[in-house]
Structures are given as C-alpha cells and as structure tokens.
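The text should be read alongside the structure displayed below.

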Amino acid sequence: MVMMTGSLAVRGMVVWLTPQQGGRVSGPPEPDYDYDYTGTAFLPPRTAEDGQAGVCLRRFAPGAWRTPVEGILVPGQGNRAQQVIPGCLVVITEGVRPVAFLTVEEVHALADDSTPVIPPQPVIEPAPVVPADPIEAPYRHSTATARFTSTHSSDDVPAEPLTAEPNPDELLKAANSL
C-alpha cells in the first residue's frame, strides 16, 4: 500500500472513453517515441476540483481503446496524500472532463532521480519433495476391485477370470448365433 505524497510510478490497464461517453473527440491518443500523453487525474472519492494530480502515460498501444500502460502520478500542489494501491481506479481528465479510467496493477515510489523504487522480490523456497510412503499404497483400480470382491459373502460363486484372448471357437459360435 502506498500513500501518494510524492510521485509514483504505476502500471495498469487504461480504458479510454468514446466521444459518445464524453471522452476525447479525437479518440485515444497516439503518442510517438519522443512524447508521452500528459493530463490530469484524480482518485475517487475525490473529484477533479479537490484532488487533482498530474499524470503522464507511456508504453501503451497508440489508438487502442483498452491497453496496458505505464505512467507517473504527481500529486497536485496543496493536495493531501491519497492512497494508491493495486486495484484502485484513477480517473484521467482533460480539465475536469473524464476521458479515461486507469486500473492500477502495480505501484512504486519514485527516487529523487525519477527511477522507480522496486523492492526486491521475496525468495520463495521450493517445497521439499516427500517420497511416497511405501506402506500407504496409492488408490488404484486393482485395489478397488480387490476391496469390492472382498465384501461379497463366501456363498457367492466366484466369476471365471477373464483371459487376455478369447477362444476362437467361442467367437465363431457367437458370430453364427447372431
């Protein structure tokens, strides 16, 4: 969880509003390699009037209505800290008019040189491999058959065992009887 008291690097998914929804008349921006999209933003429950922040977006598909994006959020002058966490929604505005929604997936504080401060990933130890217990045999079909046949009474006549190949004479008799 991060409080936005300074600039933050964010990564997430941006959805641009269509002109019919009140978004940009020209559609999604088409940045080039030299320029990024810049605008204003706010985090609900604040509004564009009382919680405005600066936003700069880059590395998104030009002209796409929905695309992954990286960006920087900069709190406005005199605005109190705002909580920015993965899953929160940032409303991107041009003036006070909403033009896009950014769903935050990653948040990192920025160092003084404007590089993201990315904490080291925790080292996950692999679970030890435990050998199978030779006493407790795994459940298999043959085990189930043995359990089923052992529950019958001794008065039952045991069935003849199946052979791998049937007797050819019996097959001929069965075919002629059809």
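Is Arg 59 buried or exposed? In this predicted model, Arg 59 has a relative accessible area of 62% and is therefore exposed, the cut-off for that class being over 50%. Arg 59 is located in the loop between E4 and E5. Its backbone deserves a remark as well: although Arg 59 is not a glycine, its phi is positive, at about 55 degrees. The residue also takes part in a network of salt bridges that links Arg 11, Arg 59, Glu 70 and Glu 106.

**Confidence**

The mean pLDDT of the chain is 77, and 63% of the residues reach a score of at least 70. Strand E1 (residues 2–4) has the lowest confidence in the chain, with a mean of 47, whereas the highest, 94, belongs to E7.

**Nonpolar core**

The largest nonpolar core comprises 21 residues. Within this core, Leu 57, Val 84 and Ile 92 have the most contacts. At least two core residues come from each of strands E2 (8–16), E3 (37–42), E4 (53–58), E5 (66–75), E7 (89–94) and E8 (97–110). The greatest contribution is that of E8, which provides five residues.

The surroundings of Ile 92 can be described in detail. When residues up to four places away in sequence are set aside, Ile 92 touches Val 14, Tyr 37, Thr 40, Ala 41, Val 55, Leu 57, Arg 97, Pro 98, Val 99, Ala 100 and Leu 102. One of these partners, Leu 57, is itself among the residues with the most contacts inside the core.

**Salt bridges**

Side chains of opposite charge can pair when their charged atoms come close.

| Glu 106 | Arg 11 | 3.6 Å |

The salt bridge between Glu 106 and Arg 11 connects distant parts of the chain, since Glu 106 belongs to strand E8 and Arg 11 to strand E2, 95 residues apart. Glu 106 is partly exposed, with a relative accessible area of 32%. Arg 11 is likewise partly exposed, at 37%.

Because Glu 94 lies in strand E7 and Arg 24 in the loop between E2 and E3, their pairing ties together parts that are 70 residues apart in sequence. Arg 97 counts as partly exposed, at 35%. Arg 97 is also one of the residues that Ile 92 touches.

**A cis peptide bond**

A further backbone feature concerns two prolines. The peptide bond from Pro 44 to Pro 45 is cis, its omega being near 15 degrees. Pro 45 is placed in the loop between E3 and E4.

Terms used:
Residues are numbered from 1 along each chain as its sequence is written. This is a predicted model: local features need pLDDT of at least 70, side-chain atom pairs count only at pLDDT 80 or more; totals for chains, interfaces and linings use all residues. Side-chain values use heavy atoms; hydrogens and water are left out. A nonpolar core is a set of buried Ala, Val, Leu, Ile, Met, Phe, Trp, Tyr and Cys residues joined through side-chain atoms within 4.5 Å. Buried means under 20% relative accessible area, exposed over 50%, partly exposed in between (1.4 Å probe, protein chains only). Helices (H or I, at least four residues) and strands (E, at least two) are DSSP runs, numbered from the N terminus. Contact means heavy atoms within 4.5 Å. A salt bridge is a side-chain nitrogen of Lys or Arg within 4 Å of a carboxyl oxygen of Asp or Glu. pLDDT is the predictor's confidence in each residue, from 0 to 100.
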